[in-house]
Amino acid sequence: MGELRLKLVDLGSELLNGHDAWYFLQPREEARVAKPALGALRLNIWYYRDHVFSSHKYNQLRNVLLDSPAVNPITSSAAYILGECVSNKVDAAQPLVRVFFQANKIVPLINKLADNEISKVQ
């Protein structure tokens, strides 16, 4: 296993415009040995900044998502479609669970999703 240590403070204003660079993946400190390396693994890292808007800017999106349990079939709902569009479902599921939990609509959503999954195996 290897590691890369990069201090974001050292990049300074470059982080505001994005940072695109190649770095060599180094052996971990505890795994370093005296043998010469036979090859090198390079890793391309691209850092970009996130834009977070004020909460009211997300109201329409939140409302469309929270209406998902009322949509029939559930496979036509925004929450279901979002889950199908991402490569890693956990990346979509965790924030969606938070949104539905805060609105006290997590149980209806899970019921509809579970009913859909059960209907597939019957």
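Biologist: How many aromatic pairs does the structure hold?
Modeller: This is a predicted model, and it holds 1 aromatic pair. Phe 53 and Tyr 58 form that pair, with 6.3 Å from centre to centre.

Biologist: And what is the angle between the planes?
Modeller: The planes are 45 degrees apart, and the pair is tilted.

Biologist: Is Phe 53 buried or exposed?
Modeller: Phe 53 counts as exposed, because its relative accessibility is 52% and the cut-off for exposed is over 50%. Tyr 58 has 30% relative accessibility, so it counts as partly exposed.

Biologist: Okay, new topic: which residues of helix α3 are buried?
Modeller: In α3, which covers residues 78-85, the buried ones are Ala 79, Tyr 80 and Gly 83. Looking down the axis of α3, these buried residues fall within an arc of 100 degrees, so they line one face of the helix.

Biologist: What covers the buried residues of α3?
Modeller: The cover includes α2 (59-66), α4 (89-102) and α5 (106-121).

Biologist: Let's look at two of those. At what angle do α2 and α4 pack?
Modeller: They pack at about 85 degrees, and their axes are 11 Å apart. That angle makes α2 roughly perpendicular to α4.

Biologist: Which residues make the contact?
Modeller: From α2 you have Arg 62, Leu 65 and Leu 66, and α4 brings Leu 96, Val 99 and Phe 100.

Key. Residues numbered from 1 in each chain as written. Predicted model: local features only at pLDDT ≥ 70, side-chain atom pairs only at ≥ 80, totals over all residues. Heavy atoms only, no water. Buried < 20%, exposed > 50% of the residue type's maximum accessible area, 1.4 Å probe, protein only. Helix = DSSP H or I, 4+ residues; strand = E, 2+ residues; numbered from the N terminus. Arc of directions from axis to C-beta. Contact = heavy atoms within 4.5 Å. Phe/Tyr/Trp six-rings, centres within 6.5 Å; stacked < 30°, edge-to-face > 60°. Axes fitted to C-alpha atoms, helices over the stretch in contact; angles between N-to-C directions. Parallel < 35°, antiparallel > 145°, perpendicular 65-115°, else oblique.
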